[in-house]
Amino acid sequence: MNNFEDLIGKEYANIAGIAIRKDNHLIYEKYFHGYTQDDALHIASVTKSIISILIGMAIDKGYIKNIEQHVLDFFSELYSEAWRKKPFKTSP
């Protein structure tokens with residue numbers, strides 16, 4: 001583990017911290033480069049990766065048909081049937 005932490009300290013200045021959970025238990029938590037558990041961090045890039053993993057898992061389990069499925073299929077109570085029938089535009 002020391003080699004791992006040394007590598008992060010020397011080669012990955014953009015890593016503020018790592019927390020690993022397994023079976024709902026925190027098994028590793030370490031902060032680097034002066035960051036602490038209480039610091040607020042910008043995590044947009046991490047969020048995109050996690051969302052893509054969760055979408056893949058949902059497709060695998062059958063909760064989502066495929067990546068082409070409309071988001072409105074999951075929130076139908078919020079939109080009228082007329083809204084759902086409008087064509088989806090992918091470009092301006």
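Analyst: Rings of Phe, Tyr and Trp (its six-membered ring) are taken to pair if their centres lie within 6.5 Å; planes under 30 degrees apart count as stacked, over 60 as edge-to-face, and the rest as tilted. The model is predicted, so local features need pLDDT of at least 70 and side-chain atom pairs count only at pLDDT 80 or more, while totals for chains, interfaces and linings use all residues. Residues are numbered from 1 along each chain as its sequence is written, and side-chain values use heavy atoms, with hydrogens and water left out.

A search of the whole structure gives 1 aromatic pair. Its partners are Phe4 and Tyr28, with 6.1 Å from centre to centre and 65 degrees between the planes, an edge-to-face arrangement. The pair links distant parts of the chain, 24 residues apart: Phe4 belongs to helix 1 (residues 2-11) and Tyr28 to strand 2 (residues 25-31). Helices (H or I, at least four residues) and strands (E, at least two) are DSSP runs, numbered from the N terminus.

The two partners fall into separate accessibility classes, where buried means under 20% relative accessible area, exposed over 50%, and partly exposed in between (1.4 Å probe, protein chains only). Tyr28 counts as buried because its relative accessibility is 10%. Phe4, at 34%, counts as partly exposed. Of the 92 residues of the chain, 11% count as buried.

The chain has 3 helices and 2 strands, which run α-β-β-α-α from the N terminus on. Among its contacts (heavy atoms within 4.5 Å) between residues at least 6 apart in sequence, 17% join residues at least 24 apart. The accessible surface, by the Shrake-Rupley method with a 1.4 Å probe, comes to about 8400 Å², and 56% of this surface belongs to carbon and sulfur atoms.

Next come the loops. Asn14 is located in the loop between helix 1 and strand 1 and is exposed because its relative accessibility is 68%. Most residues other than glycine have a negative phi. Asp23, although not a glycine, has a positive phi of about 50 degrees, and Asn24, also not a glycine, has a positive phi of about 65 degrees. Asp23 is exposed, with a relative accessible area of 63%, and Asn24 is exposed at 64%.

On a 1 Å grid over the protein atoms alone, a pocket is an open set of points where a 1.4 Å probe fits, with protein on both sides within 12 Å along at least five of seven lines; lining residues have an atom within 4 Å of a point. Of the 16 lining residues, Ala16, Gly17, Leu41, Ile43 and Val46 are the closest to the pocket centre. Strand 1 (17-22) and helix 2 (44-61) each supply at least two residues of the lining, and the largest share, 5 residues, comes from strand 1. The lining divides into 11 nonpolar, 4 polar and 1 charged; Ala, Val, Leu, Ile, Met, Phe, Trp, Tyr, Cys and Pro count as nonpolar, Asp, Glu, Lys and Arg as charged, and the others, Gly among them, as polar.
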